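Take a first walk through this protein chain. Begin with the overall layout, then turn to a few side chains.

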Amino acid sequence: MEFAAAVYISTRIIWLIAIQSRGPTLDVKSVDISTPENRGLGYRTEVNKRGELPALRLDDGTILTETTAICSYLDEVANSGHSLFGSTPIERAVTTMWLRRIDIELVQPLISWYRNAEDTIDFYRGNQIPIPEVRMIQKVQINQALNQLDDELIGKDYLCGDRFSAADILLYGIVTPMLVATPWMNVPGRLNVAAWFKRMDDRKAIQEAIKGFRSHVIVD
């Protein structure tokens, strides 16, 4: 399997899923988003017509895009014997529910908040149109979602209760790289969210996956 990747948030999420589930070995092909290589004709012709990352080319030539789809596939073909998406219909439904909540309420607003910064206009080179004036609204939406999440985590270790899942990896993978730019996301007042972050930080497999991330996904 060839994994077209960059040092990017969604790539990090998929990497965490692959390591946690002990899935198939990925042949990583680094893509330079600073040029941006992924918007070039070669990448859009051979890999993803939309010019987006990441993308996973399977052995039969099928190309998967979209983070959740790739994660779901890697989980399905993994050898760990334990699915991060759930082992029963109820578990899978609860995981899907939390994946949707995290994506709609936190992931998309957070990515949009970043992309709407005025100084991203040179980075995206016309591929994204930043709207700086909406960032305040998005920051409020993100804080509201985190306040709600803090309530939802009362009495729970993870988003799906006692069960560590793909939803936890999605939230952790999207938020932790952004904390340098958004320290307001993990304020001490949100005790349950802060405890969840600490719990995730302490997971040995998470530590090992993050340690190996940049050594595998790097642009020469």
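**A guided look**

The protein chain has 9 helices and 4 strands (DSSP runs, H or I of at least four residues for helices and E of at least two for strands, numbered from the N terminus). Along the sequence they follow the pattern β-α-β-α-β-β-α-α-α-α-α-α-α. This is a predicted model: local features need pLDDT of at least 70, side-chain atom pairs count only at pLDDT 80 or more, and totals for chains, interfaces and linings use all residues. Residues are numbered from 1 along each chain as its sequence is written, and side-chain values use heavy atoms, without hydrogens and water.

Of the 220 residues, 43% count as buried (under 20% relative accessible area, 1.4 Å probe, protein chains only).

Now find asparagine 116. It is in the loop between helix 4 (89-115) and helix 5 (121-124). Its relative accessibility is 8%, so asparagine 116 counts as buried. Its side chain reaches the backbone nitrogen of isoleucine 131 at 2.8 Å.

Next, the aromatic rings. There are 4 aromatic pairs (Phe, Tyr or Trp rings, the six-membered one for Trp, with centres within 6.5 Å; planes under 30 degrees apart are stacked, over 60 edge-to-face, the rest tilted). Tyrosine 172 and tryptophan 196 form an edge-to-face pair, 6.3 Å centre to centre with 70° between the planes. Tyrosine 172 lies in helix 7 (residues 166-175) and tryptophan 196 in helix 8 (residues 191-201), so the pair ties together parts 24 residues apart in sequence. Both residues are buried. Tyr172, Trp196 and Phe197 form one aromatic cluster.

Definitions and conventions:
Buried < 20%, exposed > 50% of the residue type's maximum accessible area, 1.4 Å probe, protein only. Polar contact = N/O pair within 3.5 Å; in protein donor to acceptor, adjacent residues only side chain to side chain.
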